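Please keep the sequence and the model side by side as you read.

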Amino acid sequence: MNANPNPPPWQKDIFQALKDAGVQQVAYVPDAGHAYVIKSAIADPEITDVALTTEEEGVAVAAGAWLGGQRAVLLMQSSGVGNCINMFSLLSAADIPFVTIVTMRGEYAEFNPWQAPMGRATQAAMELMGIHVMRVRRPEDAQEVVSAALDGAFMAGARIAVLIGQDVIGRKKWERK
């Protein structure tokens with residue numbers, strides 16, 4: 001997970017939205033699309049960063065944070081959503097607010113066929129589990145969409161996933177052999 005030393009402004013905007021909303025815990029599986037937010041959370045003494053071995057642990061972290069009086073966000077890639085399906089039932093059963101920010105794979109200019117099935121299923125899987133889906137469609141909308149999701153969760157008790165499309169993140173660059 002190498003963070004760009006000059007990340008696009010939308011990545012900084014997302015971290016600022018987390019700070020403005022009083023997020024105190026950031027759970028994540030390392031991901032290049034979230035690298036700036038992850039590194040910023042690690043460096044921030046007001047945020048506890050929680051590196052996960054698998055994404056569903058992040059659902060439990062977010063639930064535990066809420067029950068302990070803190071706000072948490074789960075950062076993951078769309079390929080990890082399938083790992084969380086069973087744990088998402090905890091959120092509705094216990095009526096726990098939840099925000100996850102998901103970097104999408106299997107969409108725009110995807111080169112890895114293994115990413116396509118979950119990329120196509122991510123939004124529907126979230127909605128089937130009672131999680132409202134919001135999308136960042138343009139880089140300049142990232143802070144507003146994430147901020148709205150955080151307010152919806154932590155002020156209105158909603159469960160929300162913010163999906164950031166590959167066209168916002170940018171094409172992955174891999175060497176051809």
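A residue is called buried when its relative accessible area is under 20%, exposed when it is over 50%, and partly exposed in between, using a 1.4 Å probe and protein chains only. By that rule T122 is buried, because its relative accessible area is 0%.

Before going further, a word on the source: this is a predicted model, in which local features need pLDDT of at least 70 and side-chain atom pairs count only at pLDDT 80 or more, while totals for chains, interfaces and linings use all residues. Residues are numbered from 1 along each chain as its sequence is written, and side-chain values use heavy atoms, with hydrogens and water left out.

**The chain as a whole**

The protein chain holds 7 helices and 6 strands. Helices (H or I, at least four residues) and strands (E, at least two) are DSSP runs, numbered from the N terminus. Read from that end, the order is α-β-α-β-α-β-α-β-α-β-α-β-α. The chain has 177 residues, and 47% of them count as buried.

A contact here means heavy atoms within 4.5 Å. Among contacts in the chain with a separation of 6 or more, 76% are between residues 24 or more positions apart.

S92 belongs to helix α4 (residues 81–93). Its relative accessibility is 41%, so S92 counts as partly exposed. S92 and G130 are 38 residues apart in sequence, and their C-alpha atoms are 7.3 Å apart in space.

D95 is found in the loop between α4 and β4 (98–103). Although D95 is not a glycine, its phi is positive, at about 55 degrees. With 54% relative accessibility, D95 counts as exposed.

**How α1 packs**

Helix α1 (residues 9–20) packs with helix α6 (residues 142–154), and also with helix α2 (residues 35–43). Axes are lines fitted to C-alpha atoms, for helices over the stretch in contact, and angles run from 0 to 180 degrees between N-to-C directions.

| Helix pair | Angle | Axis distance |
|---|---|---|
| α1 and α6 | about 25 degrees | 8 Å |
| α1 and α2 | about 40 degrees | 8 Å |

Angles under 35 degrees count as roughly parallel, over 145 as roughly antiparallel, 65 to 115 as roughly perpendicular, and the rest as oblique. Therefore α1 and α6 are roughly parallel to each other, while α1 and α2 are oblique.

On the α1 side of the pairing with α6, the residues are W10, D13, I14, Q16, A17, L18 and D20, and they meet A142, Q143, V146, S147 and L150. By class, this contact of α1 with α6 has 7 nonpolar, 3 polar and 2 charged residues. Here Ala, Val, Leu, Ile, Met, Phe, Trp, Tyr, Cys and Pro count as nonpolar, Asp, Glu, Lys and Arg as charged, and the others, Gly among them, as polar.

As for α2, how do α1 and α2 lie relative to each other, roughly parallel or oblique? They are oblique. Their contact is made by Q11, K12, I14, F15 and L18 of α1 with Y36, V37, S40 and A41 of α2. The contact of α1 with α2 has 6 nonpolar, 2 polar and 1 charged residues.
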